[in-house]
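Open your viewer and get ready to click along.

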Amino acid sequence: MSALDVRAFTVGPVQENSYIVRASSEATRGLLVDPGDEPDRLMRAIEALGVEIEAILITHCHFDHIGAVAPLARATGAPVYCPEIERPLLTDLMSWVPPGFGPFESYEPEHTLAGGEQINLADLDIDVIFTPGHSPGHLTYALGGALLSGDVLFQGSVGRVDLPGGDWATLERSIAGLLETHPPETVVYPGHMGVTTLGREAASNPFLSELRGHGQRWTISDRSAADSPAA
Ligand SMILES: [Fe+2]
(Lines give C-alpha, C1' and ligand atoms only; values in the text may rest on other atoms or scores of the structure.)
Protein backbone atom coordinates (compact mmCIF):
# COMPACT_ATOMS: atom_id res chain seq x y z
CA MET A 1 0.00 0.00 0.00
CA SER A 2 2.93 2.22 0.48
CA ALA A 3 6.36 2.79 -0.86
CA LEU A 4 7.53 3.60 2.64
CA ASP A 5 11.26 3.00 2.99
CA VAL A 6 12.34 1.95 6.48
CA ARG A 7 15.93 1.10 7.37
CA ALA A 8 16.55 -0.57 10.73
CA PHE A 9 19.77 -0.33 12.72
CA THR A 10 20.10 -2.39 15.87
CA VAL A 11 22.38 -0.44 18.18
CA GLY A 12 24.00 -0.53 21.59
CA PRO A 13 24.27 -3.13 24.35
CA VAL A 14 20.49 -3.45 24.71
CA GLN A 15 20.10 -4.14 20.97
CA GLU A 16 17.66 -1.32 20.35
CA ASN A 17 16.22 -0.68 16.88
CA SER A 18 16.80 2.78 15.44
CA TYR A 19 15.07 3.60 12.16
CA ILE A 20 15.59 5.88 9.20
CA VAL A 21 12.19 6.37 7.56
CA ARG A 22 11.46 7.92 4.17
CA ALA A 23 8.29 8.27 2.09
CA SER A 24 10.05 6.25 -0.62
CA SER A 25 13.53 4.98 -1.43
CA GLU A 26 13.99 8.00 -3.72
CA ALA A 27 13.09 10.55 -1.06
CA THR A 28 15.86 12.91 -0.07
CA ARG A 29 14.30 13.84 3.26
CA GLY A 30 13.54 11.47 6.10
CA LEU A 31 12.97 10.85 9.78
CA LEU A 32 15.24 9.34 12.39
CA VAL A 33 13.33 7.39 15.05
CA ASP A 34 14.76 6.42 18.45
CA PRO A 35 18.49 6.91 17.87
CA GLY A 36 19.58 4.93 20.91
CA ASP A 37 23.32 4.47 20.55
CA GLU A 38 26.19 4.26 18.03
CA PRO A 39 25.74 7.80 16.67
CA ASP A 40 28.71 7.52 14.29
CA ARG A 41 27.26 4.40 12.67
CA LEU A 42 23.85 6.04 12.29
CA MET A 43 25.41 9.18 10.84
CA ARG A 44 27.37 7.11 8.30
CA ALA A 45 24.11 5.43 7.27
CA ILE A 46 22.37 8.80 6.90
CA GLU A 47 25.20 10.05 4.72
CA ALA A 48 25.33 6.84 2.67
CA LEU A 49 21.62 7.15 1.91
CA GLY A 50 22.05 10.81 1.06
CA VAL A 51 19.08 11.65 3.24
CA GLU A 52 18.48 14.93 5.00
CA ILE A 53 16.99 14.19 8.41
CA GLU A 54 14.03 16.52 8.88
CA ALA A 55 13.14 15.40 12.41
CA ILE A 56 14.20 13.05 15.17
CA LEU A 57 11.21 11.28 16.73
CA ILE A 58 11.32 9.60 20.13
CA THR A 59 8.83 6.92 21.20
CA HIS A 60 9.86 7.00 24.85
CA CYS A 61 12.77 8.13 26.95
CA HIS A 62 14.38 4.96 28.20
CA PHE A 63 18.10 5.45 27.73
CA ASP A 64 18.45 2.71 25.10
CA HIS A 65 16.16 4.71 22.79
CA ILE A 66 17.66 8.18 23.28
CA GLY A 67 21.37 7.72 23.97
CA ALA A 68 22.38 9.12 20.57
CA VAL A 69 19.79 11.91 20.30
CA ALA A 70 22.14 14.75 21.28
CA PRO A 71 25.04 13.95 18.92
CA LEU A 72 22.69 13.22 16.02
CA ALA A 73 20.60 16.34 16.58
CA ARG A 74 23.85 18.28 16.47
CA ALA A 75 25.18 16.47 13.40
CA THR A 76 21.96 16.66 11.38
CA GLY A 77 20.55 19.94 12.67
CA ALA A 78 17.15 18.23 12.91
CA PRO A 79 14.64 19.20 15.61
CA VAL A 80 13.79 16.59 18.23
CA TYR A 81 10.21 15.54 19.06
CA CYS A 82 9.93 14.08 22.56
CA PRO A 83 7.04 12.62 24.57
CA GLU A 84 5.90 15.46 26.79
CA ILE A 85 5.66 13.49 30.04
CA GLU A 86 9.12 11.99 29.59
CA ARG A 87 10.97 15.16 28.68
CA PRO A 88 12.74 15.29 32.11
CA LEU A 89 14.49 12.02 31.28
CA LEU A 90 15.98 13.41 28.07
CA THR A 91 17.04 16.68 29.65
CA ASP A 92 18.80 14.91 32.56
CA LEU A 93 19.67 11.64 30.88
CA MET A 94 22.45 10.23 33.06
CA SER A 95 20.30 10.50 36.20
CA TRP A 96 18.16 7.69 34.76
CA VAL A 97 20.80 5.43 33.26
CA PRO A 98 21.60 2.20 35.14
CA PRO A 99 25.21 1.62 36.23
CA GLY A 100 27.42 0.28 33.47
CA PHE A 101 25.75 2.11 30.57
CA GLY A 102 26.65 5.36 28.91
CA PRO A 103 27.85 8.01 29.22
CA PHE A 104 25.09 9.70 27.23
CA GLU A 105 24.46 13.37 26.64
CA SER A 106 21.26 15.12 27.71
CA TYR A 107 19.25 17.16 25.21
CA GLU A 108 16.61 19.91 25.33
CA PRO A 109 14.03 18.87 22.74
CA GLU A 110 12.66 21.46 20.33
CA HIS A 111 9.16 19.95 20.47
CA THR A 112 7.08 17.82 22.81
CA LEU A 113 4.15 15.61 21.85
CA ALA A 114 1.36 14.30 24.05
CA GLY A 115 -0.38 12.03 21.54
CA GLY A 116 -3.37 12.94 19.39
CA GLU A 117 -1.36 15.25 17.13
CA GLN A 118 -1.21 14.93 13.36
CA ILE A 119 2.03 16.20 11.91
CA ASN A 120 3.62 16.22 8.50
CA LEU A 121 7.36 15.77 8.31
CA ALA A 122 9.56 14.64 5.42
CA ASP A 123 6.45 14.31 3.21
CA LEU A 124 4.93 11.84 5.66
CA ASP A 125 1.57 12.28 7.38
CA ILE A 126 2.11 11.08 10.92
CA ASP A 127 -0.51 10.26 13.54
CA VAL A 128 0.92 10.54 17.03
CA ILE A 129 -0.74 8.01 19.33
CA PHE A 130 -0.50 7.95 23.12
CA THR A 131 0.40 4.36 24.06
CA PRO A 132 1.41 4.28 27.75
CA GLY A 133 1.99 1.15 29.79
CA HIS A 134 5.64 0.32 29.12
CA SER A 135 6.47 3.88 30.12
CA PRO A 136 4.11 6.67 31.20
CA GLY A 137 4.43 8.96 28.16
CA HIS A 138 5.08 6.41 25.43
CA LEU A 139 4.11 7.42 21.88
CA THR A 140 3.53 5.36 18.75
CA TYR A 141 3.98 6.99 15.35
CA ALA A 142 1.59 5.78 12.63
CA LEU A 143 2.63 6.59 9.06
CA GLY A 144 2.30 5.06 5.63
CA GLY A 145 0.53 1.91 6.78
CA ALA A 146 3.11 1.20 9.46
CA LEU A 147 3.63 1.76 13.15
CA LEU A 148 6.86 2.87 14.78
CA SER A 149 5.82 1.46 18.11
CA GLY A 150 8.86 1.54 20.38
CA ASP A 151 8.48 -0.86 23.29
CA VAL A 152 4.71 -1.43 23.13
CA LEU A 153 4.46 -4.57 21.04
CA PHE A 154 7.12 -7.02 19.88
CA GLN A 155 7.19 -10.10 17.69
CA GLY A 156 5.71 -12.64 20.11
CA SER A 157 6.16 -10.40 23.13
CA VAL A 158 5.31 -7.02 24.66
CA GLY A 159 7.18 -4.24 26.43
CA ARG A 160 8.14 -4.88 30.03
CA VAL A 161 5.98 -3.22 32.65
CA ASP A 162 8.22 -3.54 35.71
CA LEU A 163 10.09 -0.27 35.18
CA PRO A 164 8.94 3.00 36.83
CA GLY A 165 5.61 4.09 35.39
CA GLY A 166 4.95 0.70 33.81
CA ASP A 167 1.54 -0.94 34.13
CA TRP A 168 0.24 -4.06 32.38
CA ALA A 169 -3.45 -3.10 32.27
CA THR A 170 -2.48 0.24 30.73
CA LEU A 171 -0.19 -1.41 28.18
CA GLU A 172 -2.89 -3.92 27.28
CA ARG A 173 -5.33 -1.05 26.66
CA SER A 174 -2.76 0.72 24.48
CA ILE A 175 -2.22 -2.41 22.40
CA ALA A 176 -5.97 -2.99 22.11
CA GLY A 177 -6.33 0.60 20.89
CA LEU A 178 -3.75 0.05 18.14
CA LEU A 179 -5.44 -3.18 17.08
CA GLU A 180 -8.86 -1.56 16.97
CA THR A 181 -7.79 1.42 14.88
CA HIS A 182 -5.38 -0.14 12.37
CA PRO A 183 -5.90 -3.03 9.94
CA PRO A 184 -4.22 -6.41 10.50
CA GLU A 185 -1.74 -5.88 7.67
CA THR A 186 -0.26 -2.84 9.43
CA VAL A 187 3.50 -3.36 9.66
CA VAL A 188 4.98 -2.94 13.13
CA TYR A 189 8.54 -1.66 13.44
CA PRO A 190 9.32 -2.28 17.10
CA GLY A 191 12.03 -0.96 19.39
CA HIS A 192 13.57 -4.40 19.82
CA MET A 193 13.62 -7.62 17.80
CA GLY A 194 12.14 -8.15 14.36
CA VAL A 195 9.45 -6.57 12.23
CA THR A 196 5.93 -7.99 12.51
CA THR A 197 2.32 -7.11 11.69
CA LEU A 198 -0.63 -6.30 13.93
CA GLY A 199 -2.52 -9.25 12.47
CA ARG A 200 0.22 -11.70 13.27
CA GLU A 201 0.49 -10.49 16.85
CA ALA A 202 -3.29 -10.36 17.32
CA ALA A 203 -3.48 -13.99 16.23
CA SER A 204 -0.51 -15.50 18.01
CA ASN A 205 1.18 -13.24 20.56
CA PRO A 206 0.91 -15.17 23.86
CA PHE A 207 0.67 -11.94 25.87
CA LEU A 208 -2.49 -10.94 24.02
CA SER A 209 -4.51 -14.06 24.79
CA GLU A 210 -6.84 -12.12 27.07
CA LEU A 211 -7.62 -9.62 24.30
CA ARG A 212 -8.29 -12.47 21.87
CA GLY A 213 -11.00 -13.78 24.17
CA HIS A 214 -13.07 -10.64 23.80
CA GLY A 215 -13.99 -11.11 20.16
CA GLN A 216 -12.88 -7.77 18.77
CA ARG A 217 -12.95 -7.53 15.00
CA TRP A 218 -9.17 -7.62 14.70
CA THR A 219 -9.10 -11.20 15.97
CA ILE A 220 -10.30 -12.25 12.51
CA SER A 221 -6.83 -12.10 11.09
CA ASP A 222 -5.88 -15.61 10.00
CA ARG A 223 -4.78 -14.42 6.57
CA SER A 224 -2.48 -11.75 7.90
CA ALA A 225 -1.21 -14.00 10.64
CA ALA A 226 0.19 -16.33 7.99
CA ASP A 227 1.82 -13.51 6.08
CA SER A 228 5.48 -12.79 6.50
CA PRO A 229 6.10 -9.28 7.75
CA ALA A 230 7.50 -6.90 5.18
CA ALA A 231 11.23 -6.34 5.47
FE1 LIG B 1 11.85 0.94 26.90
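Select helix α2, residues 63-66, which gives the largest pocket three of its lining residues, the largest share. Helices here are DSSP runs of H or I with at least four residues, strands are runs of E with at least two, and both are numbered from the N terminus. A pocket is found on a 1 Å grid over the protein atoms alone: it is an open set of points where a 1.4 Å probe fits, with protein on both sides within 12 Å along at least five of seven lines, and lining residues have an atom within 4 Å of a point.

Before you click further, note that this is a predicted model, in which local features need pLDDT of at least 70, side-chain atom pairs count only at pLDDT 80 or more, and totals for chains, interfaces and linings use all residues. Residues are numbered from 1 along each chain as its sequence is written, and side-chain values use heavy atoms, leaving out hydrogens and water.

Now show H62, F63, W96, L163 and P164: of the 21 residues lining the largest pocket, these are the closest to its centre. The space inside is about 480 Å³, counted as the volume filled by probe spheres set on the grid points.

Next, select C61 and C82. Searching the whole structure gives zero disulfides. C61 counts as buried because its relative accessibility is 2%, and C82 is buried too, at 0%. Buried means under 20% relative accessible area, using a 1.4 Å probe and protein chains only.

Move on to D5, in strand β1 (residues 5-11). Is D5 buried or exposed? It is buried, with a relative accessible area of 11%. Leaving aside residues up to four places away in sequence, D5 touches I20, V21, R22, A23, S24 and S25, where contact means heavy atoms within 4.5 Å.

Finally, zoom out. The whole protein has eight helices and 14 strands. Its radius of gyration, taken over C-alpha atoms, is 17 Å, close to the 17 Å that the globule rule gives for 231 residues, so the protein is as compact as a globular protein of that length. That rule is 2.2 Å times the number of residues to the power 0.38. Of the 231 residues, 53% count as buried.

Definitions and conventions. Disulfide = S-S within 2.5 Å. Buried < 20%, exposed > 50% of the residue type's maximum accessible area, 1.4 Å probe, protein only.
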